[in-house]
Amino acid sequence: MIEITVDGEALAGTEGQTVAGVLLAAGRTSWRTTRSGAPRGVFCGIGACFDCVVTVNGVPDVRACRRRAVDGDEIRTQSREEEA
């Protein structure tokens, strides 16, 4: 078992599981917003699109479907919403 932190919340996962897999297993279906505020999560699941990007350990725009979660990872969700 591993534990990652997502926006300050501890989530449990299994070694070898992707970040997206941990998020989906925790019931999260979206973790990013577009400029219009539309929610995004896994779309293609193979790393071809960029709907599932998160910030991992300070590195932005990491595709959650491609990145294996590692014990102690700090994940932050991202937003591209335009400010009013």
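Student: Which residues of β1 lie on its covered face, and which on the uncovered one?

Tutor: The covered face of β1 holds I2, I4 and V6, while E3 and T5 belong to the uncovered one. In a regular strand, the side chains alternate between the two faces of the sheet. Strands here are DSSP runs of E with at least two residues, helices are runs of H or I with at least four, and both are numbered from the N terminus. Please note that this is a predicted model, in which local features need pLDDT of at least 70, side-chain atom pairs count only at pLDDT 80 or more, and totals for chains, interfaces and linings use all residues. Residues are numbered from 1 along each chain as its sequence is written, and side-chain values use heavy atoms, with hydrogens and water left out.

Student: How many bridges join β1 to β2?

Tutor: Five bridges join these two strands, which run antiparallel. Two strands are said to pair if DSSP finds at least two bridges between them. Within this pair, I4 stands opposite L11 of β2, and T5 has A10 as its bridge partner.

Student: And which residue stands opposite T5 in β7?

Tutor: In β7, E74 stands opposite T5. Strands β1 and β7 run parallel and are joined by two bridges.

Student: What about the loop between β1 and β2: where is D7?

Tutor: D7 is placed in that loop, between β1 (2-6) and β2 (9-13). The hairpin has two residues between its strands, and D7 takes a positive phi near 50 degrees there.

Student: Which residues is D7 in contact with, apart from its neighbours in sequence?

Tutor: Leaving aside neighbours within four places in sequence, D7 is in contact (heavy atoms within 4.5 Å) with R28, I75, R76 and T77. The C-alpha atoms of D7 and I75 are separated by 6.3 Å, although these residues are 68 apart along the chain. The D7 side chain also makes a polar contact of 2.6 Å with the side chain of T77. A polar contact is a pair of N or O atoms within 3.5 Å; within protein, one must be able to donate a hydrogen and the other to accept it, and residues adjacent in sequence count only if both atoms are side-chain atoms.

Student: Another aspartate, then: is D73 buried or exposed?

Tutor: D73 is buried, with a relative accessible area of 4%. Buried means under 20%, exposed over 50%, and partly exposed in between, using a 1.4 Å probe and protein chains only. D73 is in the loop between β6 (59-63) and β7 (74-76). Its side chain and that of R67 are joined by a polar contact of 2.6 Å.

Student: New topic: how many disulfides are found?

Tutor: A search of the whole structure finds zero disulfides, the cut-off being a pair of cysteine sulfur atoms within 2.5 Å. For C44, the nearest cysteine sulfur is that of C49, at 3.6 Å.

Student: How many salt bridges does the count come to?

Tutor: The count comes to four, where a salt bridge is a side-chain nitrogen of Lys or Arg within 4 Å of a carboxyl oxygen of Asp or Glu. One of them joins the side chains of R28 and E9, at 2.6 Å from N to O. R28 lies in the loop between α1 (19-25) and β3, and E9 in strand β2, so the pair ties together parts that are 19 residues apart in sequence.

Student: With which residue does R32 form a salt bridge?

Tutor: R32 forms one with D51, their closest N and O atoms being 3.4 Å apart. D51 is in the loop between β4 and β5 (53-56) and R32 in strand β3, so this pair also ties together parts 19 residues apart in sequence. The side chains of D51 and R40 meet in a salt bridge as well, at 3.7 Å from N to O. R40 is in strand β4, eleven residues from D51. Salt bridges that share partners join R32, R40 and D51 into one network.

Student: Finally, in what order do β3, β4 and β8 form their open sheet?

Tutor: The order is β4-β3-β8, with mixed pairing. β4 (39-40) and β8 (78-79) stand at the edges with a single partner strand each, so one side of each is left without a neighbour in the sheet. Strand β3 (residues 32-33) pairs with β8 in the parallel sense over two bridges, and R32 has Q78 as its bridge partner in β8.
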